[in-house]
Amino acid sequence: MKKTNNHHMRQGDVGICKTKSRNVAQLTRINAVNGRNILAYGEAAGHHHSVVADKTELYQLNAQTMLLRVLDEVELEHQEHAFIVLAPGDYEVHIQVEYDPEGERRVQD
Amino acid sequence: MAKKIESLTPEQIAKFPDYVREWTDIGLSTQPADRPAAEEAIRLMYKTAGLQPPVIVWAGSPLGNVLTCAIVKKMFAEVKTGASVGASVSDSVSDSVWASVSNSVWASVWASVRASVGASVSDSVGASVRDSVWASVRASVSDSVWASVRASVRDSVWASVSDSVSDSVSDSVSDSVWASVRASVRASVSDSVWASVWASVRASVRASVGASVGASVRASVRDSVWDSVGASVRASVRDSVWDSVGASAYGQHDANWLAFYRYFHDECGLVAETGKLQGLWQLCRTAGWVLPYEKFCWVSERHNVLNRDERGRLHCTTGPALAYPDGWSIYAWHGVLVPENIIMQPETITAADIAGEPNAEIRRVMLEMFGRERFVDLPECIKVHTDDWGSLYRNDAIRDINGDPYCFVKVLNSTPEPDGTYKDYILRVNPNIKTAYEAVASTFPRIPEFAPAKES
């Protein structure tokens, strides 16, 4: 049996980690696109991991990580993956990488 | 002089995206060249530089431009030095004729434009305005046109004639391109170049040998020149080609900096200040690369195939990422230029090919096209650990750039396919990793002990 952490979720190449409430005052807000906050674009045209923008706020936490603030329960969606329900709260959003001798490389769905 | 423009109105700023869109589309256009308009643009460009209109020679691609030009230059050199024809003929081919195909005039064209346009715009526009247009218009067009396409064309032109293939142009380009260049050379020689040279050759032959033998001499001169081109141009063509690339104007691929000045022309009323760019603007809108010489100007068709990925990099896994009407093609995988067979015959790639490829980027593409599933199924790829998270594989036979073995973790996808089956996905991991869980967790390195309870 896998030993898992209930605060960790994964949808394809996007890893979500529930975190304590963060102060977002100093963070850069990422603008929504067509009413959705895009966590990551996919390899195929038009594919993306996203949530509805009117229930969420998306910020750049640092160069590699975003912060997703969920104001009301929301579904994380992607065209090729089952949705994942996110309860209100703050989440770190990480993009999967793979090893490369010349530096990690982003994985894309 | 009019008052210097120190700021832009909101309406002027709002126009930035229009210029980015319009000039990016121009730079990436796959429409056939508008030949009458392009030829008019070339004549205007020469006139602006104080030069007489040149004979215009069309080629099917930038490679066609530089190869055709190199071959014709070589022919003139042969004629001039008498290597292929008699002394009496060579004497009659004046230095000025040779100069007409050996002296690029791009420097003088460019100098005439740069000196007046650059200075005039600088004088008329404040630094902050210039910077803002530069950043918003030029840089944006540059990312899509210059960085990903023009650079690839340039590198591919070079790759097509360099290093291992430099001694044989005919081996380095596809048969169709070679045939097309050859046909184009013949046609160009007959229709434009030869017509003018032949007049002086014929005059000399007539004078020294007599009119009665003119026809036969003409045929033998042409054939011997052609034979000598075939044999001797190959060794010298590489350097000549590279010089030509540097001496080119890039037509549609100059869209980035031309957009910058077009903005000032259209939106800020700097019409007189940028007037000398009319020829280059029109050329950019209508054709591909241009190779301008004193009396001859080679001009290329635009690419007719252009495939890019979501990030604007050249990319196609089923055919050329970029191709020209003469058949010259560039193959690329997410911006990495690769040999044709990697894309078109991936089934012919072997593990030994991957191991032997010296370029790490190309090696990575070979691995992708070879297939990760196929790679972990190789007999020398050993499954070293399995747990609930997946399986860890290690291939000691194929080493990466650091000499380390290739290691992969194979994970079952959490979302079923439409037919209810589950696909594996395979990620490369650090060769020092010992367990499958450690390998999976390493793909989210900034989440400590990543162990998702929900996956899809």
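Along its sequence, chain A runs β-β-β-β-β-β-β-β-β-β-β-β. That chain has 12 strands and zero helices. The model is predicted.

**Chain A**
- Chain A has 109 residues, of which 48% are buried.
- Among the contacts in chain A with a separation of 6 or more, 54% join residues 24 or more positions apart.

**Helices α12 and α13 of chain B**
- Helix α12 of chain B spans residues 255–267 and helix α13 of chain B spans residues 278–286; their axes come within 10 Å and cross at roughly 125 degrees.
- Because of that angle, α12(B) counts as oblique to α13(B).
- The crossing of α12(B) and α13(B) is left-handed.
- On the α12(B) side, the contact is made by B:Ala255, B:Trp257, B:Leu258, B:Tyr261, B:Arg262 and B:His265.
- On the α13(B) side, B:Gln278, B:Leu280, B:Trp281, B:Cys284 and B:Arg285 take part.
- Sorted by class, the residues in this contact are seven nonpolar, two polar and two charged.

**B:Arg372**
- B:Arg372 belongs to helix α17 of chain B, which covers residues 372–376.
- B:Arg372 has a relative accessibility of 16% and therefore counts as buried, the cut-off being under 20%.
- A polar atom of the B:Arg372 side chain lies 2.6 Å from the backbone oxygen of B:Ile426.
- Apart from neighbours within four places in sequence, B:Arg372 is in contact with A:Glu98 and A:Arg105 in chain A, and with B:Leu367, B:Phe408, B:Ile426, B:Leu427 and B:Arg428 in chain B.

Note on methods
Residues are numbered from 1 along each chain as its sequence is written. Chains are lettered from A and ligands numbered from 1 in the order in which they are written. This is a predicted model: local features need pLDDT of at least 70, side-chain atom pairs count only at pLDDT 80 or more; totals for chains, interfaces and linings use all residues. Side-chain values use heavy atoms; hydrogens and water are left out. Axes are lines fitted to C-alpha atoms, for helices over the stretch in contact, and angles run from 0 to 180 degrees between N-to-C directions. Helices (H or I, at least four residues) and strands (E, at least two) are DSSP runs, numbered from the N terminus. Angles under 35 degrees count as roughly parallel, over 145 as roughly antiparallel, 65 to 115 as roughly perpendicular and the rest as oblique. A crossing is left-handed if the near helix is turned anticlockwise from the far one by less than a right angle, and right-handed if clockwise. Contact means heavy atoms within 4.5 Å. Ala, Val, Leu, Ile, Met, Phe, Trp, Tyr, Cys and Pro count as nonpolar, Asp, Glu, Lys and Arg as charged, and the others, Gly among them, as polar. Buried means under 20% relative accessible area, exposed over 50%, partly exposed in between (1.4 Å probe, protein chains only). A polar contact is a pair of N or O atoms within 3.5 Å; within protein, one must be able to donate a hydrogen and the other to accept it, and residues adjacent in sequence count only if both atoms are side-chain atoms.
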